[in-house]
Amino acid sequence: MLLTRKTQVHSRLGAKPMQADCTLASVHSILEFETGIVGVPDRRTGFLLNIVTIDEAVRAIAHPIIARASLDDESIFATVRRAAVAIAQKLELDARVRVAYFACDLNPHTRVTYKRADPALSTLTPPAMPQPTFEITASYEFAASHRLHCPGLSDDENRRIFGKCNNPNGHGHNYRIEVHCTVASEDQTAFAALDAAVENEIMRRFDHRHLNLDCPEFAALNPSVENIAMVCFGYLKQALGNAGLTARCVRVYETHKTSAIYPSGHELDHSPQAKPAL
Ligand code: NI
């Protein structure tokens, strides 16, 4: 059983800017955290853990660590790990539960998640957390037009299958792409490397383009959201690998109702807001 709880905290502690491309929300903002708890629910209450207990621990223990972090001396990864360990020490006083992950939104577009390799293990200190991983999730937007059409089918058949999306002159979407990756080291340049990979591999290729007409990837491949997700993942996997990051999956939203995740099977913890297109 995995229980997830998002805790929003009004930051009154004066969190200070981290770095130009990765900034903690300022004093007046709301910080959001997510805690994942595994274990067996209590027979009587049905609760794995009372969410009030989780919120209290995040607000009293984890948030001050994040907000007061001496960011000149410590990387964001180390800070998030300190917060995760501290909250685990508190919540795991209840021996039925283990903290599986702890996530912190660095800004509305970027989340860092500290995941324990085996949350079933009792772990209260960093050395006892075997091979934990940090996951970065970042979200971006691009605008593009496309037409869904299969040349091998008749015009009537294309209209029947694709409806309005078969309009001969195309139509547009504001796509949102979430990139989920793990970092091999705790190097803060990972954030800039991820931004650069998305800029070079996705934005330069697809932003403000007609996918069918401008992009060779879709000259013979129908630019459905499923295919867009697969193509984007292929490009990002290579580029992120070169930068020391491991691409786990991408999620492409065609609308807020429709998205495709590729590859599937990767647990998605969070969907941050998209970075506004410039
Ligand atoms: Ni469309």
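Predicted model: local features only at pLDDT ≥ 70, side-chain atom pairs only at ≥ 80, totals over all residues.

The protein chain has 278 residues, and 37% of them are buried. Its secondary structure comes to 6 helices and 9 strands. If you take the contacts with a separation of 6 or more, 67% of them are between residues 24 or more positions apart.

Now for the strands. Strand β6 covers residues 171-183 and runs antiparallel to β5, residues 133-146. β6 also runs antiparallel to β8, which spans residues 245-253. Here are the two pairings side by side:

| Strand pair | Direction | Bridges |
|---|---|---|
| β5 and β6 | antiparallel | 13 bridges |
| β6 and β8 | antiparallel | 8 bridges |

Phe-142 has Tyr-175 in β6 as its bridge partner. Over at β8, Thr-246 stands opposite Thr-182. As a bit of background, side chains in a regular strand alternate between the two faces of the sheet.

Next, pick out Thr-79, which sits in helix α2, residues 76-91. Is Thr-79 buried or exposed? Thr-79 counts as buried because it has 23 C-beta neighbours inside 10 Å, and the cut-off for buried is 20 or more.

Who touches it from further along the chain? Beyond its neighbours within four places in sequence, Thr-79 is in contact with Ile-65, Ile-66, Ala-69 and Glu-74. Take Ala-69: it is 10 residues from Thr-79 in sequence, and their C-alpha atoms are 6.6 Å apart in space.

Note on methods
Residues numbered from 1 in each chain as written. Pairing = 2+ DSSP bridges. Helix = DSSP H or I, 4+ residues; strand = E, 2+ residues; numbered from the N terminus. Buried ≥ 20, exposed ≤ 12 C-beta atoms within 10 Å, placed from the backbone. Contact = placed C-beta atoms within 7 Å.
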